[in-house]
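Hi,

Here is the structure I promised to pass on.

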Amino acid sequence: MKKPGYYSSGEFARMAHVTLRTIRYYDKQDILKPSFVTDSGARFYTDGDFARLQQILLLKYLGFSLDDIREMTIDDADYHFMLNSLNVQLKLVRDRIEQMQLVEKAIQDTADAISKEHTVDWSQMLNLIHLTGMEKSLKNQYQDASNISARINLHSLYSQNREGWFPWVFRQCEIQNGMRILELGCGDGTLWAENLVQLPNKISVTLSDISEGMLRDARRAVGSCDSRFSYEVFDCHRIPHREESFDLVIANHVLFYCEDIGKVCLEVQRVLKPGGHFVCSTYGSRHMREVSQLVQDFDERIVLSADKLYERFGRDNGHEILAPFFDKIVWKPYEDSLLVPDAEPLISYILSCHGNQNQYILDRYKEFRAHVKKKTENGFHITKDAGIFLCEKVTNLKKS
């Protein structure tokens, strides 16, 4: 007998304008399982399943394989998760539009050159091949953007410090008219998008990242027509600017990802003007420790990060790492904690981490969701141990 709020396989397929065979195939491939199966084997789906199916169809349209889609989606219809997912997918669609416009121009330019000169410009053809080979890049950009979005979402929803991390970091920078600023690893540009009203008019801000996809997100978030901003793709181990070019350099949760932190600090010291400042954020060993305990209570094999990033550059050792390159190094803590009453944003955060959690969670997702839901039903407290080092450039390096 059909349950209220449930759709038969045929009704579900008609709603989505796909074939019943497609629905059955997704079930068999463990991409979209029915929410209810009767003793006789009849399958029924819900509105939540329909939202997930829309997500699957969009990713398939964008060129992802079913194996990719299985990794990039999760059996959950919570509105926090779905809104976050749809926003990331919107960015992905915009990326595809921009890249296909580049492909269109490259094809047209190549065709025009052949028509006029009756020869083939092989370098132009090679550029066209590079432009069309975008699938792996798009997948990586989707996953990076999705992970960043999930982490920011948890903090923005449940931080007890109402000022918010990005407004607080911005305030510590003490930005004034006439300053030249460089941000390393700007990500999606949230630091600036959240503080545009506070930013002086006469200022120059260079946003940099190693990922072109992140810079596209930043350009859209900030506004491509804002002449105060420029965007550059480069690795912060080699900053392509002259000595003493900037009044302020910002590295927001970046240094602990760098292969050679000392080399990056040396580059920052080089491009800073005398008396210029370097603002770099990090966290300590207590940061988000309750989340690690939560997942290990579920399965002790789970490690949310393969590296303890605070051991590479953190609150306790940051001063020692920065001291050879900068003076007047001050640690400023961001006083905050999280109180999480809902399971889904916390689950999204956990799945976004760089550890082995998906190996042990995805096959037992419903069990894990119940575990997190029980922990959050009365509010789940999470310690935050983050802040910035505010450094001033020295005239001469203390060490080579």
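The axes of helix H15 (residues 343-351) and helix H17 (residues 365-376) come within 9 Å, crossing at roughly 120°. On the H15 side the contact involves Ala-343, Glu-344, Leu-346, Ile-347 and Ile-350, and on the H17 side Tyr-365, Phe-368, Arg-369, Val-372, Lys-373 and Thr-376. By class that gives seven nonpolar, one polar and three charged residues. Bear in mind that this is a predicted model.

H17 also packs against helix H12 (residues 289-298), at an angle of about 135° and with the axes 10 Å apart. H12 and H17 are therefore oblique as well, and their crossing is right-handed. Here Leu-294, Val-295, Asp-297 and Phe-298 of H12 meet Glu-367, Phe-368, His-371, Val-372 and Lys-375 of H17. The contact of H12 with H17 splits into five nonpolar, one polar and three charged residues. Note that Phe-368 and Val-372 turn up in the contact with H15 and in the one with H12.

Now for the strands. Three of them make an open antiparallel sheet, in the order S1-S3-S2. S1 (7-8) and S2 (36-37) are the edge strands, each pairing on one side only. S2 pairs with S3 (residues 43-45) in the antiparallel sense over two bridges, and Phe-36 sits opposite Phe-44 of S3.

Cheers

Terms used
Residues numbered from 1 in each chain as written. Predicted model: local features only at pLDDT ≥ 70, side-chain atom pairs only at ≥ 80, totals over all residues. Heavy atoms only, no water. Axes fitted to C-alpha atoms, helices over the stretch in contact; angles between N-to-C directions. Helix = DSSP H or I, 4+ residues; strand = E, 2+ residues; numbered from the N terminus. Contact = heavy atoms within 4.5 Å. Nonpolar A, V, L, I, M, F, W, Y, C, P; charged D, E, K, R; others polar. Pairing = 2+ DSSP bridges. Parallel < 35°, antiparallel > 145°, perpendicular 65-115°, else oblique. Left-handed = near helix turned anticlockwise from the far one by under 90°.
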